[in-house]
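Here is a short report on a protein with its ligands.

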Amino acid sequence: MSQRVLLLFPQLNNLVFFGVYEPLVMEIFSAIAKEEGCEVELVDLRLDPHGCKRLARRGYIPDLIGLTTHGFPEVPIVNRMARTCKKLWPTSALVIGGGQATLTPELFDRQYIDLIVRGPGERVWRDLCRTGVTACATSAECRTIEDPEPPRLYSYPLPDRQITAKYRKHYKTNIPHHTGRPWGRGGRTGFTLLTQGCPFRCSFCVIWPANLGLYRKRPIPEIVAELQSMEESYIYLGDDNTFADAKYAGELADAIRDAGIKKEISSYCRADHICKHPDLMQKWYDIGLRYLVIGIEAVSTEKLKQFNKKTDQEQNVQSLRTLRKIGIFAIPHILISPDMTVKDFDDVYRFIEENEFEYPVTVPLTPLPGTADYNTYKAQGRIITDNLAFYTFMYMVLRPAHMSLREFDSQYDRLIFRTWSWSRFLRGKCGKLKLLGFMKWWVLVRVLVLKLR
Ligand code: B12
Ligand code: SF4
């Protein structure tokens with residue numbers, strides 16, 4: 001069945017200061033739709049907010065519209081977009097999917113949506129391209145479905161990057177990393193994945209519920225072919241747990257090396273994996289891994305236990321040492337949880353200083369629906385706002401246990417200012433960060449705090 005398919009990537013509900021990445025899921029779905037003989041259009045609404053209206057003015061009418069959902073803050077945006085689509089194209093079928101549709105299908109406006117897909121979507125999407133979807137006459141007809149047996153391998157055709165060629169120059173990292181490299185000035189960035197989901201079950205994390213608890217790996221030859229096809233020299237791996245299967249990650253690194261691929265790569269990793277497999281990290285450094293986000297989360301083993309992180313403080317310290325030795329820049333993420341006292345804030349700062357972090361990121365613990373933490377805090381009545389614009393991992397949305405919210409925010413601001421202070425830099429506590437790199441961060445975080453408060 002040859003259909004006219006329209007793919008939409010929504011706007012995000014926040015100032016995304018670190019960059020705009022390609023709408024990978026829609027590039028994958030475009031490739032699948034084309035394999036099924038469909039005619040495909042794509043609008044990246046972040047860069048082209050009026051793209052749908054323009055298409056409609058031209059007389060374009062899709063048979064099937066696929067819209068992805070990103071995160072919790074995007075729920076109202078996705079609902080608004082669904083309404084717009086139904087107004088422009090009342091007879092077209094609108095399907096939504098993605099992490100947020102999986103976590104909270106009930107929050108989406110069924111009046112304007114014909115089908116909600118939970119969990120892995122590549123196979124379901126192929127079926128929909130083959131069979132088509134009938135637009136519902138009433139909201140009661142809108143169904144929620146999921147792949148009854150998602151394949152163990154996460155396999156899909158080469159993402160269709162021709163469909164995003166018109167936007168491509170805008171897909172880049174803005175954030176200043178260390179100076180001296182092109183990425184340090186911000187630069188064109190390609191985005192892909194090696195795996196989907198995570199085998200761990202951290203209490204604050206939305207990844208495992210959003211992926212129905214699955215952890216799937218892509219076939220190595222598919223990844224190699226994709227990296228070979230990507231024009232950008234800088235690649236962001238959006239995986240949540242790239243190195244959970246060390247054997248797989250090792251074989252993949254070998255295959256990338258043997259294919260002669262030369263890219264600068266950024267990715268994510270757990271502290272314990274780094275400690276257990278320093279050789280694997282070295283191997284990945286050798287093929288281009290330069291930046292690694294590490295979920296440090298807390299600076300005490302007791303707190304890590306509460307988060308069900310399954311790491312300890314020693315591993316946190318050891319993993320950072322290992323990365324420094326290899327030459328991979330760590331981007332440690334530390335959670336600012338509502339039970340922190342003034343001493344806890346000081347401990348976090350001390351940890352940052354002692355370990356001479358180049359790029360520490362302190363993130364307010366934000367309980368998202370679907371996570372274990374959300375249920376806990378909801379039951380305790382400690383969630384202080386339902387305004388989704390505050391659920392962007394930048395604001396404290398929980399009532400602090402030991403101080404007022406105002407005091408808590410000022411402790412948090414103080415931590416940020418101390419972290420990015422001249423005092424830390426001049427005492428040589430910012431690792432290898434150069435003056436220009438430090439200055440960029442210094443300005444950025446001050447503008448950010450001003451915006452937040
Ligand atoms: C890439 C990414 C971004 C990009 C934006 C997207 C882009 N392409 O440019 C960037 C880096 C800019 C970004 C920014 C942010 N992000 Co973000 N991001 C991601 C990330 C890493 C990957 C998402 C993705 O594209 N995956 C690739 C596709 C192929 O996989 P997928 O979406 O799972 O799709 C599969 C299924 O879900 C399904 N499916 C998906 N869509 C559809 C649609 C249809 C029609 C169908 C049928 C099926 C279907 O089929 C696919 C194949 O199986 C996720 C984490 C993750 N690994 O999922 C976080 C994530 C979505 N981001 C998150 C957050 C919090 C943010 C930020 C707020 C962080 C911050 N503080 O700055 C910002 C700002 C966003 C905002 N609201 O303002 C959270 C959202 C949590 C939540 N539920 O609210 C996540 C889950 C990260 C996390 N660990 O918590 N992000
Ligand atoms: S925080 Fe990391 S390790 Fe924990 S469940 Fe989420 S993705 Fe997995």
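## Ligand 2

The shell around ligand 2 has six nonpolar, two polar and three charged residues. Ala, Val, Leu, Ile, Met, Phe, Trp, Tyr, Cys and Pro count as nonpolar; Asp, Glu, Lys and Arg count as charged; the others, Gly among them, are polar. Among the residues around ligand 2 are Cys 198, Cys 202 and Cys 205. The shell also includes Phe 200, Trp 208, Arg 201, Asp 240 and Arg 270. A residue counts as near a molecule if its C-beta atom, placed from the backbone, lies within 6 Å of it.

This is a predicted model: local features need pLDDT of at least 70, side-chain atom pairs count only at pLDDT 80 or more, and totals for chains, interfaces and linings use all residues. Residues are numbered from 1 along each chain as its sequence is written, while chains are lettered from A and ligands numbered from 1 in the order in which they are written.

## Ligand 1

Ligand 1 is surrounded by 42 residues. The closest are Asn 14, Gly 71, Gly 97, Gly 98 and Gly 121. Elements giving two or more residues to this shell include strand 4 (64-68), strand 5 (93-97), helix 4 (99-103) and helix 5 (122-131). Helices (H or I, at least four residues) and strands (E, at least two) are DSSP runs, numbered from the N terminus. By class, the shell around ligand 1 has 23 nonpolar, 15 polar and four charged residues.

Domain 1 (4-146) and domain 2 (171-452) both give residues to the shell, so ligand 1 lies between them. The domain bounds come from an automatic or database domain assignment.

The centres of domain 1 and domain 2, taken over C-alpha atoms, are 29 Å apart. Their contact takes 20 residues from domain 1 and 26 residues from domain 2. Two residues are in contact if their C-beta atoms, placed from the backbone, lie within 7 Å. On the domain 1 side, strand 2, helix 3 (75-88) and helix 4 each give two or more residues. Helix 4 gives the largest share, three residues.

## Helix 15

Helix 15 (residues 405-419) has 15 residues. Its buried residues are Phe 408, Gln 411, Tyr 412, Leu 415 and Thr 419.

The face turned away carries the exposed residues Arg 406 and Glu 407. Buried means 20 or more other C-beta atoms within 10 Å of the residue's own, exposed 12 or fewer, and partly exposed in between, with C-beta atoms placed from the backbone. Cover for the buried residues includes helix 13 (342-354) and helix 16 (422-426).

Terms used:
The expected span of a helix is 1.5 Å times one less than its number of residues.
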